Amino acid sequence: MTEPASPLLSVRDLKVHFPVRGSEGGVVKAVDGISFNIPFGRTVALVGESGCGKSTTAYGIIGLEQITSGSIRFDGNEISHLDKRARHDLATAIQIVFQDPSAALNPKMTIGDSIGEPLAIQGWRKEERRRRVSELLDRVGLPATYTERTPNALSGGQRQRVVIARALALSPKLLVLDEPVSALDVSIRSQILNLLMELQKELGLSYLFISHDLSVVRHLADEVVVMYLGTVVEQGETGALFEAPQHPYTQALISAIPLPDPRAQRARERIILKGDLPSPLNPPVGCPFVGRCPIRIDPCSTIRPSLQPAASDTLAACLVRAPAPLAA
Amino acid sequence: MITDGARQDEGPVLAIKDLRIQIGGIDVVDGVSLSASRGRILAIVGESGCGKSLTALSILRLLPKAAKIVDGRVELDGGDLAHLPEKDLEDIRGNKASIIFQEPIASLNPLMRVGAQVEEALRLHRGLSRAEAWREAVAMLASVGIPDPERRAKQYPFELSGGMCQRVMIAAALICRPRLLIADEPTTALDVTIQAQILDLMKRLRDEVGTSIIIITHDMGVVAEMADDVAVMYGGRVVEQGPVDTIFAAPAHPYTHLLLTTVPRLDGHRKSSLRTIEGIVPSVDQWPQGCRFRSRCPLATDVCAQRPPLDPVDAAGHDAACWHTDRLMELA
């Protein structure tokens with residue numbers, strides 16, 4: 001099968017800025033110019049630490065957050081400024097799965113009604129709904145008898161299966177997965193990750209995968225976008241990015257994950273960053289990472305680097321590792 | 001009374017013996033024995049509901065009201081804390097043993113300057129004057145890596161980041177140079193680059209102060225990074241314990257083995273189907289008889305209906321509670 005030339009989702013220079021109330025005013029640039037594509041059937045991961053803008057990016061794409069500027073094309077159509085009606089229709093094609101399945105399910109509704117709700121909204125009849133719900137339960141590995149249960153009778157992993165089933169109800173093309181296994185017990189996570197990989201293969205789904213867990217990201221994603229303070233510091237094919245990360249922040253992030261192997265961990269050269277993330281209200285003028293960067297040079301505090309090709313085929317925003325070509 | 005002196009450097013700093021904790025008549029911690037030695041880090045690892053946090057909380061008798069210690073001893077330097085009058089415990093908490101929690105911001109008093117929270121234990125236990133205690137608190141904030149500690153000491157928790165709040169907690173916990181620090185998921189709420197800083201700090205303080213540390217975590221990476229010794233808990237019991245290298249290189253309990261192989265690894269085969277542990281973590285009222293892992297264990301047989309003892313598997317202080325340690329290669 002050849003891949004269609006145009007991607008399913010194409011995000012160009014997306015910005016989501018929030019005005020700050022109060023005497024000082026100002027604006028928080030939660031997402032400040034991010035671009036990426038998600039091809040059909042592929043997984044793109046947004047990674048970074050809290051406050052980096054990864055979830056805001058996703059919410060901007062699905063219309064949960066008002067975007068400031070930029071273009072979002074889905075399946076060939078611009079979707080960044082849809083009216084309510086068109087947004088409603090788009091919900092059949094893009095769905096989201098949140099981190100905490102307990103908060104995502106109505107505790108008073110049966111599992112069957114929860115999964116069937118998007119179908120009901122789209123006008124499916126009761127009999128069709130029932131058939132589709134049992135098909136979906138089977139698909140996510142739950143027994144059909146679960147339709148009559150309520151969420152409190154289910155474990156965390158089972159609830160996340162229900163949430164995934166509901167997201168799949170209208171046969172979407174794109175699933176936004178916002179930390180889908182972070183709230184689950186360790187011994188349950190691999191069940192859900194396997195399910196997500198199987199569903200992608202069977203249904204040809206595309207995933208926008210948001211996670212702070214880089215081991216999981218490396219396992220699932222085809223491409224990774226590393227964010228820091230609302231900007232992209234590095235992006236590229238997963239294998240390349242993990243094998244030879246170019247941006248010092250990506251390097252620090254990967255090096256900060258403790259390996260589940262004490263001998264390897266002791267032998268490892270680790271980069272421990274100093275300091276905290278700067279306040280998004282008052283970000284550095286130049287490179288957003290300059291205050292914590294172990295390899296900074298003078299210009300980094302005044303010039304904001306743009307994404308440039310770096311060694312090992314990734315794009316990196318770093319004056320040291322990926323200097324912009326001199327103007328001809 | 002807790003005795004100071006000669007015996008401190010012999011024997012373990014903390015020894016938990018056959019601890020049983022009940023909630024509503026159910027043994028949620030069921031015969032746990034653990035020990036922490038001077039200057040060493042013990043990791044208690046397990047999933048939600050395994051009893052690791054209750055075990056940790058019970059050491060300083062901080063259990064929620066519904067939970068009761070019904071049996072066992074908690075010996076700090078030889079003295080039993082499990083049966084100490086509440087009044088005497090005040091001498092221990094924050095002085096000989098301290099605890100830090102997952103949510104540093106929730107653990108700090110929002111209405112108190114952070115410096116005052118750090119010095120509190122000194123004034124309480126050491127009777128230092130306000131000026132002396134403040135000076136030491138500022139020095140302690142500096143040594144846990146808080147930049148500009150004089151200014152920060154006068155700030156309130158909301159003015160500090162999560163990572164900085166956790167440093168403040170550690171400073172407050174260590175200001176009296178306790179024999180034991182209990183850290184309950186101390187980095188779970190933090191970002192990885194901040195986690196790396198905090199773990200590094202805890203190890204450095206262990207080296208400098210000689211404090212024994214018990215770290216409670218569900219993250220095998222954190223265990224590998226921090227621990228000298230490991231206790232793996234499941235269903236309210238210790239199912240395996242031993243030196244960290246042994247536990248990772250040659251786990252003897254199927255649960256430990258599966259836990260180590262189920263998570264994606266940074267050096268694993270991408271997109272491959274991951275190994276799973278079947279079933280769900282049973283709730284406390286649904287634990288099976290005998291071995292509590294048997295409902296999910298691929299090696300389980302009829303004999304597993306009997307409770308397996310925590311027995312030595314080799315000479316190196318490595319114990320496992322499993323009838324089938326000799327069949328572990330079947331999981332490979």
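Analyst: What follows is an account of helix α7 of chain B, from its length to its neighbours. This is a predicted model, in which local features need pLDDT of at least 70 and side-chain atom pairs count only at pLDDT 80 or more, while totals for chains, interfaces and linings use all residues. Residues are numbered from 1 along each chain as its sequence is written, and chains are lettered from A and ligands numbered from 1 in the order in which they are written.

Helix α7(B) covers residues 162-174, where helices (H or I, at least four residues) and strands (E, at least two) are DSSP runs numbered from the N terminus.

A residue is buried if 20 or more other C-beta atoms, placed from the backbone, lie within 10 Å of its own, exposed if 12 or fewer do, and partly exposed in between. Among the buried residues are Met164(B), Cys165(B), Val168(B) and Met169(B), together with Ala171(B), Ala172(B) and Ala173(B). The buried residues of α7(B) pack against β6 (97-100), α3 (104-107), α4 (114-125), α5 (130-143), β7 (180-184) and α8 (192-209) of chain B, a contact being two residues whose C-beta atoms, placed from the backbone, lie within 7 Å.

The axes of α7(B) and α8(B) are 10 Å apart and meet at an angle of about 15°; axes are lines fitted to C-alpha atoms, for helices over the stretch in contact, and angles run from 0 to 180 degrees between N-to-C directions. The two helices are therefore roughly parallel to each other, since angles under 35 degrees count as roughly parallel, over 145 as roughly antiparallel, 65 to 115 as roughly perpendicular and the rest as oblique.

On the α7(B) side, Gly163(B), Gln166(B), Arg167(B), Ile170(B) and Leu174(B) meet Ile194(B), Gln197(B), Ile198(B), Leu201(B), Met202(B), Leu205(B) and Val209(B) in α8(B). By class, this contact has eight nonpolar residues, three polar and one charged, with Ala, Val, Leu, Ile, Met, Phe, Trp, Tyr, Cys and Pro counted as nonpolar, Asp, Glu, Lys and Arg as charged, and the others, Gly among them, as polar.

Note on methods:
The expected span of a helix is 1.5 Å times one less than its number of residues.
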